[in-house]
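Welcome! Please open the viewer, show the chain as a cartoon, and get ready to select a few places in turn.

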Amino acid sequence: MRNLKRALAALFVLLLAAVVLFFVLENQQAVSLVIFGWSTPAIPVAVLVIAALLLGLVVGPLLGAYGLMRGKRKIRANARKGAVVEH
């Protein structure tokens with residue numbers, strides 16, 4: 001059973017790598033972005049899309065963790081005051 005799980009995980013990783021490689025090879029057109037008047041050098045579309053994905057994968061959990069910490073802080077502050085926490 002353990003070997004089957006490892007084989008399926010390896011197959012999934014290989015399939016994912018193949019899809020990413022196919023995406024990169026199909027999106028080699030060079031583009032230049034203009035953001036607030038600042039122009040980027042011409043780079044392939046795939047690099048921009050993957051960079052945006054990775055940025056989202058980093059920023060999303062950080063914002064979620066910040067929201068959880070903020071909520072816990074509010075709950076603690078309300079508990080200290082003796083207030084009832086409303087949901």
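## A short tour

Start by selecting Val58, which sits in helix α2, residues 45–81. Helices here are DSSP runs of H or I with at least four residues, strands are E runs of at least two, and both are numbered from the N terminus. This is a predicted model, where local features need pLDDT of at least 70, side-chain atom pairs count only at pLDDT 80 or more, and totals for chains, interfaces and linings use all residues. Residues are numbered from 1 along each chain as its sequence is written, and side-chain values use heavy atoms, with hydrogens and water left out.

Next, select Asn27, found in the loop between α1 (2–26) and β1 (30–31). Show its side chain: it reaches the backbone oxygen of Phe23 at 2.8 Å.

Now zoom out to the whole protein. How many helices and strands are there? There are two helices and four strands, in the order α-β-β-β-β-α along the sequence. The C-alpha atoms fill a box of roughly 60 × 55 × 15 Å, taken along the principal axes.

Finally, colour by burial. Of the 87 residues, 3% count as buried, where buried means under 20% relative accessible area (1.4 Å probe, protein chains only). Thanks for coming along!

Technical notes: Buried < 20%, exposed > 50% of the residue type's maximum accessible area, 1.4 Å probe, protein only. Polar contact = N/O pair within 3.5 Å; in protein donor to acceptor, adjacent residues only side chain to side chain.
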